[in-house]
Amino acid sequence: HEFDFGPNVFAQFIKGFDKDATFVSANLNVSGEPKLQKLAEQGRIVKSVVVKEQGFKIGVIGATTTELPFISSPRNVVVKAVAKAVNKQADLLESQGVDIIVTISQLQSIDEDIALAPKLSGVDVMISGGGNELLADEGDLLIPGDEENIFGSYPLYSENKEGDEVPIVTTNGDYKYVGMLTVGFNKAGKVVSVDDDASGPVRVSSTVNTDGVEPNPFIQSSVVDPLVVLLEEAAENVVATSEVELNGLRDPGIRTEETNEGNLIADALFATATAKAASFGLDPPDIGIQNGGGIRNNSVIPAGPISELDVFGMVPFANFVCIVPDIPPAQLKEILENAVSRVEFVDGRFAQISGFSFTWDADGTAQVLDENLVVTTPGTRIVEVTLDDGTPIVVDGEVVDGAPSVSMATIDFSARGGDQYPFRGIPFTTVGVTYFQSVLDYLTVDLAGVITAEDYPEGGEGRITRLN
């Protein structure tokens, strides 16, 4: 998310660090952004870096997801293929006598790193980020409740191009853990062992627990304490009451299936766009879509009071509600095929919806798009699409002859092609309301402060059906 506010803000972010802090990515070309290119020339942005430890040279190669242009705002930064860029750096490092090579990546899912390993040469250890998976072994000290959320053992393994086993690690996000991996190497820099007793997730805790650490006094007084005051004010401002738990977990949840929290947020966009359409000279929308990646609380909010802070946790970005008119039915199918094309990677493009229902087949072909959001591999996962008034758009995987175009309420991030939503330049109109304010208004006005079990049952109400 370094690029969420554009390259210039990212450049300012880097300048805020000590000059010896380097930002590493082998597959980003920043030459099209002058402020970032200047930092690259100063050695602040690099493709790899070498550190020395116990007599070994250790090369660290960064890798960034090729999805970057669709999930953030890198503008003129060019994203290259990961494997080729990493291998080029690995060859360079080995020619310089580097004994050990480690990748650090944000590829959206540890499954991506596991799949990448066999394409890499010379890589010994991989550190994955962005997928929010919790790796842990029996006996590891976890945050209470996380015992049910373990993705796999710590570490996982895959083989590199030479057939060597590569340990791959990650930790759960939200500042809950840091990871520790203790690896033994021989003189040639090859992995010979992983010390399981000295490896694993290390939970972040205060001194209320015996494993906790004392806070940094400067950070506590200048950052944490003022922030706590503001958060307490937002937490005390109750805006609604819910009769049910609201599921905002990523997986299983808003990035993989229908949830009641996802329905609530999609309904809010739909309601806001409907209320504002006439004042912008537009017809009201027929449907609403909220990408799962824009819902950020990654938690289950208990039944009971819902605060302003809860709402901000759900929808914290500077996204604006917008209306995209006149979407042809075939293009709507492409948009929905995109939404379900990477569910297995827990991708943020999965859609929470309002005003219609759809059925999708996990065994179908996943749609593939090029850099211009043009379909190169047609998807066959979307089976049925039906508007709430009963109008069929897709039946048995085929667009219905004579099906109408639709108008959609969504957020400007998606309308601009974020998460590879293939709107392909259809003009859209923002209606002057952030999606945070939209949800806040929906709770306080449309729902009169009450989220009922009838309207938003746990598990959803069947708007999205998954086959197989």
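Modeller: The axes of helix H1 (residues 7-15) and helix H2 (residues 34-41) come within 8 Å and cross at roughly 30°. Axes here are lines fitted to C-alpha atoms, for helices over the stretch in contact, with angles from 0 to 180 degrees between N-to-C directions. Helices (H or I, at least four residues) and strands (E, at least two) are DSSP runs, numbered from the N terminus.

Biologist: Which residues make the contact?

Modeller: From H1, Pro 7, Asn 8, Phe 10, Ala 11, Ile 14 and Lys 15; from H2, Lys 35, Leu 36 and Leu 39. Contact means heavy atoms within 4.5 Å. By class, the contact of H1 with H2 has 6 nonpolar, 1 polar and 2 charged residues. Ala, Val, Leu, Ile, Met, Phe, Trp, Tyr, Cys and Pro count as nonpolar, Asp, Glu, Lys and Arg as charged, and the others, Gly among them, as polar.

Biologist: Before I go on, what sort of model is this?

Modeller: A predicted model, where local features need pLDDT of at least 70, side-chain atom pairs count only at pLDDT 80 or more, and totals for chains, interfaces and linings use all residues. Residues are numbered from 1 along each chain as its sequence is written, and side-chain values use heavy atoms, with hydrogens and water left out.

Biologist: Aromatics next. How many aromatic pairs are there?

Modeller: The structure holds 9. Rings of Phe, Tyr and Trp (its six-membered ring) pair if their centres lie within 6.5 Å; planes under 30 degrees apart are stacked, over 60 edge-to-face, the rest tilted. Phe 17 and Phe 23 are edge-to-face, because their ring centres are 5.3 Å apart and their planes at 85°.

Biologist: Is Phe 23 buried or exposed?

Modeller: Phe 23 counts as buried, at 17% relative accessibility, while Phe 17 is partly exposed at 37%. Buried means under 20% relative accessible area, exposed over 50%, partly exposed in between (1.4 Å probe, protein chains only).

Biologist: And H4, which of its residues are buried?

Modeller: Val 82, Ala 83, Ala 85, Val 86, Asn 87, Gln 89, Ala 90 and Leu 93. Their cover includes strands S4 (48-53), S5 (56-64) and S7 (100-106), and helix H5 (110-116). Just after H4, Gly 97 takes a positive phi of about 80°.

Biologist: Last one. At what angle do H8 and H12 pack?

Modeller: About 90°, with the axes of H8 (residues 260-276) and H12 (residues 435-446) 8 Å apart. They are therefore roughly perpendicular, the word used for 65 to 115 degrees.

Key:
Angles under 35 degrees count as roughly parallel, over 145 as roughly antiparallel, 65 to 115 as roughly perpendicular and the rest as oblique.
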